[in-house]
Amino acid sequence: MLIAGQSFNTLLKLIAFVFLLRAYTKHLRKSALVWSMAFLVDALSILFDVMNRDYGLAVSQAVAVSLLFYGTFMFLDEENIGFSPAYIRNTAGIAPLILTMYVLGYSSFRGWGPDELALVYGIAGFFYFFTGVLLVGLREIYSRKGMYLAAVFMLYGIHKMDYPFLRPVAWFAPIGFILGALFTLIEVVLLLNIISSEKFKKLSTTPFMVEFGSHVLVVGQKEFQEMKKRLSSSPVLAFLRDMRDVPGTWEAYFVSNVPGPRTVPPTGLEKAVELSHVYLMKAESIGSRGIIVIDCLEYLMMYNEFRSIAKFLSILRDYVLLHGGTIIVVLEEGAWSERQLTVLRRVLGAGD
């Protein structure tokens, strides 16, 4: 029965790996990719358990939970359920692995024993439980499915924490693995249900994005503030009037008549075009999709004729199309006349 429970558990994790990886290739949800790796490594941990390789079991458990925890932060960010800065995601993601490696390092002096195994499973169970706590936020989008998934993760986390205490009990060991397989079965079924839903296939961020062609996004100020958090870890080129809370990964230029480092004057449209062209070529050379943000159009209108601004945007759009990038234009419609908005839509490629 013990072998049957382990085999069934492994099979379920491999099924989850395959379907999550497929979801990533179809919908490009990075959280699905990270989660798929988590289930693959978790399946490997069962193999180490069967072989009585405690160190391999400890490391693979830690890597699996780290990936799961990190992927959950990514998933919530993708769904716009509470944005987390990149440094929080990265730190939280490697926390289980760091704590486990600390235990392994300690055991190299004291020797490996039941106490160390209990700590390793306690760490894994703790972070598995809090993965479920994070997933409670899914109730806003996936209603009961999200709540059920969160509950299963929390229960599975508690079950993992009882492993070192009940695993040596001969009569309970098979039951423990069957319970683990049952939790995994429910977990996988709920996950597959979620990733096959239309809500998962279509990110909740898309309704506020007005797409003009395949490479141009036009958004309002409120939507841009949300997008800025989503792009906090991306190497974006930005021309801004507000330099507060600019992500550290951005190459940001302050559009102003006041001279200074990383400043572009509002009449220096040619300089902005040149910087954009160089940036897009560099991004293309390393296989990256360059992203350019323009959040200063209304300010530019104070110093330039509308025709010059339209020409500026047209050139940028051409460069973006040429080098496979994306341009995000922040536009407050109330500041423009209907005729100007019509021209801007045409310039930016509406209907392409």
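Is Phe48 buried, partly exposed or exposed? Phe48 is partly exposed, because its relative accessible area is 25%. Here buried means under 20% relative accessible area, exposed means over 50%, and partly exposed lies in between (1.4 Å probe, protein chains only).

## The model

This is a predicted model, in which local features need pLDDT of at least 70, side-chain atom pairs count only at pLDDT 80 or more, and totals for chains, interfaces and linings use all residues. Residues are numbered from 1 along each chain as its sequence is written, and side-chain values use heavy atoms, with hydrogens and water left out.

## Overview

The secondary structure comes to 14 helices and seven strands. Helices (H or I, at least four residues) and strands (E, at least two) are DSSP runs, numbered from the N terminus. The protein has 352 residues, and buried residues make up 49% of them.

Contact means heavy atoms within 4.5 Å. The accessible surface of the protein comes to about 17200 Å². Carbon and sulfur atoms hold 64% of that surface. Accessible areas come from the Shrake-Rupley method with a 1.4 Å probe; for residues, only the protein chains shown count as cover.

## Around Phe48

Phe48 is found in helix H2. Leave aside its neighbours within four places in sequence. Phe48 is then in contact with Arg53, Gly56, Leu57 and Ser60. Gln61 is 13 residues from Phe48 in sequence. In space, the two are 9.9 Å apart, C-alpha to C-alpha.

## Salt bridges

A salt bridge is a side-chain nitrogen of Lys or Arg within 4 Å of a carboxyl oxygen of Asp or Glu. By this rule the count is three. One of the salt bridges joins the side chains of Lys13 and Asp42, at 2.9 Å from N to O. Lys13 lies in helix H1 and Asp42 in helix H2 (residues 30–50), so this pair ties together parts that are 29 residues apart in sequence. Both Lys13 and Asp42 are buried.

Arg244 forms a salt bridge with Asp242. The closest N and O atoms of this pair are 3.0 Å apart. Arg244 counts as exposed, because its relative accessibility is 61%. Asp242 counts as partly exposed, at 32%. Asp318 and Arg317 also form a salt bridge, with their closest N and O atoms 4.0 Å apart. Asp318 is partly exposed, with a relative accessible area of 43%. Arg317 is buried, at 13%.

## A nonpolar patch

Which residues make the nonpolar surface patch of about 720 Å²? They are Phe8, Leu11, Ile15, Val18, Phe19, Leu182, Leu185, Ile186 and Val189. Helix H1 (2–27) and helix H8 (173–195) are the elements that give two or more residues to the patch. H1 supplies the largest share, five residues.

Patches are made of residues with over 30% relative accessible area and no salt bridge; like charges are joined within 9 Å, and nonpolar side chains (Val, Leu, Ile, Met, Phe, Trp, Tyr) within 5 Å. Leu185 sits in helix H8. Leu185 is partly exposed, because its relative accessible area is 31%.

## Two helices side by side

The axes of helix H11 (residues 269–285) and helix H13 (residues 306–323) come within 10 Å. They cross at roughly 10°. Axes are lines fitted to C-alpha atoms, for helices over the stretch in contact, and angles run from 0 to 180 degrees between N-to-C directions. H11 and H13 are therefore roughly parallel to each other. Angles under 35 degrees count as roughly parallel, over 145 as roughly antiparallel, 65 to 115 as roughly perpendicular and the rest as oblique.

Which residues of H11 meet H13? They are Leu269, Ala272, Val273, Ser276, His277, Leu280, Met281 and Glu284. On the H13 side, the residues include Phe312, Ile315, Leu316 and Tyr319.

Ser143 has a positive phi of about 45°, although it is not a glycine. Ser143 is found in helix H6 (residues 139–161). Ser143 counts as partly exposed, because its relative accessibility is 43%.

Arg262 is not a glycine either, and its phi is positive, near 55°. Arg262 lies in the loop between strand S4 (251–255) and strand S5 (263–264). Arg262 is partly exposed, with a relative accessible area of 46%.
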